[in-house]
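Hello,

Here is the structure we spoke about. Please look it over; my notes follow below.

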Amino acid sequence: MTPTGLRPTDAVTDTGGYAAARLRLLAGEAPAGETPAGPALRTALARLTDDWLTALLGRAPDVALVAVGGYGRGELSPRSDLDLLLLHHPGADPGRVAALADRVWYPVWDMGLALDHAVRTPAGARATAADDLKVHLGLLDARHLAGDPALTTAVRTAAYADWRAQAPRRLPELRALCDERAERQGELRFLLEPDLKEARGGLRDATALRAVAASWLADAPRRGLEEARTLLLDTRDALHRATGRATDRLTLHDQDQVAAALGLPDADALLRRVYRAAATVSYAGDVTWREVGRVLRSRSARPRLRRVLGGRGGRGGFVEPERLPLAEGVVEQDGEAVLARTARPDRDPVLPLRAAAAAARAGLPLAPHTVRRLAAAGPLPVPWPAEAREQLVTLLGAGEPTVAAWEALETEGLVSRLLPEWERVRHRPQRNAVHRWTVDRHLVETCVRAAALARRVARPDLLLVAALLHDIGKGGDGDHSVEGAAVARDVALRTGFDAGDAAVVATLVRHHLLLVETATRRDLDDPATVRAVTEAVADAGTLELLHALTEADALATGPAAWSAWRASLVTDLVRRAAAVLAGEPAGERADPAPPTDGQLRLAERARTSGGPLVRLSSHGDGAELLLAVPDQPGVLPAAAGVLALHRLTVRAADVRAVAGVLLLRWRVATEYGELPEAARLRNDLVRALDGSLDVAGRLAEREAAYAPRRRGLLPPPSVTVAEGGSRSATVLEVRAADAPGLLHRIGRALEGAGVWVRSAHVSTLGGSAVDAFYVTGVDGCPLAGREAVAVAEAVQRALG
C-alpha cells in the first residue's frame, strides 16, 4: 500500500509530463482497463496529481504534504481546486520550509490550476481548526501525499478526536452554516440553473453528512445516498469538461451538452436525475439533523427530569420513551411517528396511508425506519376500500405537514406504488420562471393551499384530489389539461370514488386554467366570456370547486401568479357565471355605460384646450389612469409608450370616443417605486404626439439593456384570432416575451392595420405576456375572417 492509500499510476516527475498526461486523461484516453468517467476518472486524476506533487516536493523528511477536502477524499474533478496543507515540525528551519512550499505551489500556479494552500505545524493546524469550522471539516478528509507520514497521522488523529469531543458545539454550528447556504443558494431540486455544490441537497450537504457521521452522534440514512452523491459528482465532471471552466452552476445554456456527455436524451432527463439525487441528499439531511437535535437534547437533560418527562423507568435506570397512540398501528415516540409493536404492514395495505395521515395531522415526521417497514405493505385492492380513500384525503388536507409526510413516502417509492401515474411527474422540471417548484412538488403544494380553502366548498375531498392531480398530464405530447383529465378520472375511480365524483374531478383537471385565463384575458362584460365558463362547468357545485382550485393552484405556483387584482377578476367572473347557472339570462353585451360627469368634463376641457389631459387616481393594488386626448392618429401607441417609459405596467384598458375626444381608461401598476405625477405623464404624452419625444428610440435603448439579462432561447411571438371570443368584436390574442414597450409596438401595428381597439386585457406571468385585444373595423363591427387573420399577421410581423 502506498502512502496515499491509492494505487499509483506511472510516475510523473515533471510539470510538462503531468500536463500531457492530464490532457490525455481528460480527453478520454484512460489507462488500460479503466473508464475515463465517473469515479474512475476522479480517482485516476487524483492518482496522477498525487504522483506529480510527490515528485515536486522530493525528499523532505521533516515536512508532510497533505491533501484535504475533496482532493483528500481522492475525488478530483477536472477543474477542481487543489486543497493542500504543508505540515512541518515546530523546530524546522523556516527558510527551508518556505523553499519547499515554493517548490510545490509555483508549478501548480504555472499550470493554471486553482490552489488553496496553507503551511502550518500540527499544533497550528489544530488551533486553526478550532477557530475555523471549514478548516476543521477539511482536516477530516486529510490524506497523506508525501514526506513524513507521522505528521499527517498526528493532525488527522487530533482532528477526529477534537471533532468528536466538540460535537455538541460544532454540529449546531455546521447546521447553521448549511441553513445559511440553503437560504442563499436555494433548493437544488427546484432550481432551473442549480449550483451542484452549494445549493441545498448538493455536494456541500453530502460532505456535511459525512462530518456528522464522523462525530459518532448520528448517521445519515445510507440507502441511495452514496449513489446520489456519485451522480452529482459525475454531473459536475461532465459540466467541467463541457465548459472548460471551474463552475458548479448547471446553466440552461450548458444542460443539453452535459446531458449528451452523460448519455441522456435531453436536458429535462438530466435535471430529473439531478433533482432525484438532490432529493435523496435533502431527505438524508432532514433525518440526520433531526437525530442530531434529539441526541443533543437528551444529553443536555438531567436524568431525573428525563425520567419524569420521558416515560416509564426500566431496569438499571433505563428510561423507555413514552409511546402515545396516533392511529391504529401508529404511535408517537420521541417526537416521531412510528409503528406500534403490533402493527403488521404485510397484513395491512392501508397502513402506509394511515401512518402518513396520522403523522401529518399530528405535525410529526415519519421515522425513517418506519417508512422502510411500510414498504412491506401489500397492494391495495381495486377499487380502494373506503378507509384508504379517507386516509388519502386526510393526508392531503393536513396543510403544511403534508409535504414532509408525502416526501417520506416517496423515499421508499410508496407514492408511485399507490399512484403509478405519479412517476410521470416525479422530479419533472417546469421551464417557466413563474413556477417555483417541480411538477410533483407543485401538486403537493397545491394540496397545502387547497386545505386552507376547504371550508369554502361543499366537497373538500374532491377539491383535494383534484389539487393533487391537476397537472398530472404534464410530460405528454398533448395539452396537459386534456391528458390529465383522462388520467384523473381513472385515478378517482381506482381510489374508490363513484362515477359522478370521478367526472367532477376530471372536469376540474380539464378546466383548472379556465377561470384565471378567461378572467384576465377577456372582457367580463361580454356575454361570450361568461358563456365560455358555463359551457365548461355544468353546475354551481363544480364552479365552487373550480374557483377554490384556481386560487390554490395560483398560490402554489409563485408570487407572480396571483394578486388581489387577479383574485378580484376571477371572483367577478365566478359571480357572473354562478348567476347564469342559477337561471338568470346571460343576455347580450350591453351598451357601454354613458360617460360619467367627470369624464365628460375632462373630455370637454381636452377638446377646448386642444391637448391631452391626464387624471391619475390610486386604489387597491394599482391605479386608474384616465386620458382625454383630441382624436388624432397615434394616440394608443403614444400613450402605451409613455406609460412604458415611466415603468407603468398596463393591466387593462378601454377606449371610447366622446365628441371628437378619445377617452382612454387604463388600469396600471408600477414596476417598483411610487406612481409618477400626472403632470409628467401629460408633458411626455404631448411630446410623444408632436414627435419631439422619440418613444420608439427610448424604448429600444431600454430593450437593448434588458436583453442581455435574458437567458436561453425565447420562442417567437404568436398572434392568433380567438374564435368565438366575442360576438361584438374580434379578439386577437398576443403571446410574447415581456419587454419594455411591448404594448407600444402592438398599438402601432394595430393602428397601422386600420382597426379600432375597443379594449385590451393584459396578463404577464414571469417573462411571458399574454394580451387580448378586442378590435373592430371603423364601422364598429367585428372583422371578417380573412381581414382578422391579416391583422393578426401584421401584428406578428411587427413583433417579430
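Where is Val 537 found? Val 537 sits in the loop between helix H24 (527-534) and helix H25 (540-557); helices are DSSP runs of H or I, at least four residues, numbered from the N terminus.

On the model: it is predicted, so local features need pLDDT of at least 70, side-chain atom pairs count only at pLDDT 80 or more, and totals for chains, interfaces and linings use all residues. Residues are numbered from 1 along each chain as its sequence is written, and side-chain values use heavy atoms, with hydrogens and water left out.

Val 537 counts as buried because its relative accessibility is 1% (buried means under 20% relative accessible area, with a 1.4 Å probe and protein chains only). Leaving aside neighbours within four places in sequence, Val 537 is in contact with Thr 542, Leu 543, Leu 546 and Leu 581 (contact: heavy atoms within 4.5 Å).

Now the domains. The assignment includes domain 2 (186-298) and domain 3 (326-582); the bounds come from an automatic or database domain assignment. Their centres, taken over C-alpha atoms, are 28 Å apart. Domain 2 brings 17 residues to the contact and domain 3 brings 24 residues.

About 1,800 Å² is buried between domain 2 and domain 3 (accessible area, 1.4 Å probe, that two parts lose on being put together, summed over both). Phe 190, Arg 272 and Tyr 283 supply 37% of the area that domain 2 buries there.

The interface holds five salt bridges (a side-chain nitrogen of Lys or Arg within 4 Å of a carboxyl oxygen of Asp or Glu).

Best wishes

Key: Helices (H or I, at least four residues) and strands (E, at least two) are DSSP runs, numbered from the N terminus. Buried means under 20% relative accessible area, exposed over 50%, partly exposed in between (1.4 Å probe, protein chains only).
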